[in-house]
Amino acid sequence: MNNIEKGIYLPRGKIEEIKRKRFKSVVKYAYDNSAFYRRLFKENGVDVESIKSPEDITKLPFTTKQHLREAYPLKMSCVPKERIVRIQMSGGTTGQPVIIPYTREDVEQWKEMLLRAFYIAGITSKDVIQITPAFGLWNGGFGFHFAADAINAFVIPIGAGNTRNQIKFMVDFGTTVLCATASYPLRIAEIAEEMGYEPSELPVNKMLLGAEPWSDEMRRQIEKTFNARAFDIPGLTEMGGVGTVGFECPDRNGLHIWEDNYIVEIVDPETGEVVDDGEDGEVVYTSLNRKAMPLLRYRSGEVSAVVSREKCECGIEHMVIKRIRGRTDDMVIYKGVKFYPSDVEQILAYHGVRHYIIEVGNGIRVIFEGENGLTRRIAKDIKEFLGFTPRIEAVANGTLERFEGKAKRLVRG
């Protein structure tokens, strides 16, 4: 068993041993090397010597996106600039950039986490891997590239956009693995059909999709369209990049969190208190094995819940959380009903809808491309399963905006 397999299939006792050792170490490391954390601990009355085990984690204050903005460019770094080998920028931010620095060890850690995902997905040196996320300050493409290069796979680092060229390369080079945002495959399918290709006959047989919430029904639609298996790959730049924090359970029971590298808590987004297992809340991450800028109790804004802390049927003993349902700032409250865009998507995708937007203003309006005859059925299902009645509008195919990166499904008026 190689190191990647060992990391995936660590026994529970070993996970706890590593987690305990690394947690105590990273708290001391951050305190000793980050002026930010020394100040934050002092302001919150934290005695670093009293933090001895993961059970003490709730004694620590949260780290927030605003902290990272205020720390621009490198005020939270724990290493001198000479040890930094690259920076990435967190996606979805406005105003002051959120910069995440990396040491050589951090880049290697990123690669190792992606290699775990590749192993679980059955990706090998025989695959042709097409990487469609952007290569640049946004971290999208690089993690996939580091892992694909490490296994000596045939890599097509094409980056974002130019969907016709994406399809041409798939056909000409025999792409077997597509790395993309979750919504992009349906755009590829649409253009492929325009070009005279049947999506299911393209050579792609595996997809690693992430960067945005996507429902189980949308996954089924993608897999049926392409005759391929689609894996959900989580990750955020603040924790090191795409694929770092965990990967989908082979049995699709949820997302396994790599607990030897990250501690995950689920908290009430309003009170900050840890919620019971099974209850939805905000995901809070603590990085245990990062050098340039480890983050303690970072509030991600993602919404999930703990599924299990027991050994999974797939043999992996790292904890399982639900696939990311959405972000706290994407939640819509309408007439007392709380929902996320992915909840509506689940219903739309069940009815075969590929493209839609949700407009939120004085009321809720769901606009989708499809037949007008679907509107009553969609409205009925939304009422039955989500508990509210939006206005439903069908428009002709090609009417709604298309996206080659993250899809913008929610429009607030």
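A residue is called buried when its relative accessible area is under 20%, exposed when that area is over 50%, and partly exposed in between, with a 1.4 Å probe and protein chains only. By this rule T176 is buried, since its relative accessible area is 15%. The model is predicted, so local features need pLDDT of at least 70 and side-chain atom pairs count only at pLDDT 80 or more, while totals for chains, interfaces and linings use all residues. Residues are numbered from 1 along each chain as its sequence is written, and side-chain values use heavy atoms, with hydrogens and water left out.

**The loop residue T176**

- Helices (H or I, at least four residues) and strands (E, at least two) are DSSP runs numbered from the N terminus; T176 lies in the loop that joins α7 (163-173) to β5 (177-181).
- Contact means heavy atoms within 4.5 Å. Apart from its neighbours within four places in sequence, T176 is in contact with D127, V128, P203, V204, N205 and K206.

**The helix α10**

- Of the 10 residues of α10, 8 are buried, and the helix is mostly covered.
- The buried residues of α10 are P341, S342, D343, V344, E345, I347, L348 and A349.
- These buried residues pack against α9, β19 (337-339), β20, β21 (364-369), α11 (374-386) and β23 (410-412).
- After α10 comes G352, which has a positive phi, near 85 degrees.

**The second largest pocket**

- On a 1 Å grid over the protein atoms alone, a pocket is an open set of points with protein on both sides within 12 Å along at least five of seven lines, a cavity is a set where a 1.4 Å probe fits but cannot get out, and lining residues have an atom within 4 Å of a point.
- Grid points are joined across faces, edges and corners, and a volume is the space filled by probe spheres set on the points.
- The second largest pocket holds about 390 Å³ of space. Its lining has 20 residues, and W214, S215, D216, R323 and Q346 are the closest to the centre.
- At least two lining residues of this pocket come from each of α9 (216-226), β14 (298-304) and α10 (341-350).
- Ala, Val, Leu, Ile, Met, Phe, Trp, Tyr, Cys and Pro count as nonpolar, Asp, Glu, Lys and Arg as charged, and the others, Gly among them, as polar. The lining of the second largest pocket has 4 nonpolar, 6 polar and 10 charged residues.

**The cavities**

- There are 2 cavities of 30 Å³ or more in the structure.
- The largest cavity has a volume of about 110 Å³. It is lined by 14 residues, of which H355, E401, F403, A407 and R409 are the closest to its centre.
- α8 (184-194) and β20 (356-360) each give at least two residues to the lining of the largest cavity, which comprises 6 nonpolar, 2 polar and 6 charged residues.
- The second largest cavity, of about 30 Å³, is lined by L68, A71, Y72, P73, L74, K75, M76, I99 and M293. Its lining divides into 8 nonpolar, no polar and 1 charged.

**The cysteines**

- A disulfide is a pair of cysteine sulfur atoms within 2.5 Å, and the count by this rule is 0.
- C314 is in no disulfide, as the nearest cysteine sulfur, that of C312, is 3.5 Å away. C314 is buried, with a relative accessible area of 17%.
- The sulfur of C179 is too far for a bond, because the closest cysteine sulfur, in C249, is 20 Å away. C179 is buried, at a relative accessible area of 0%.
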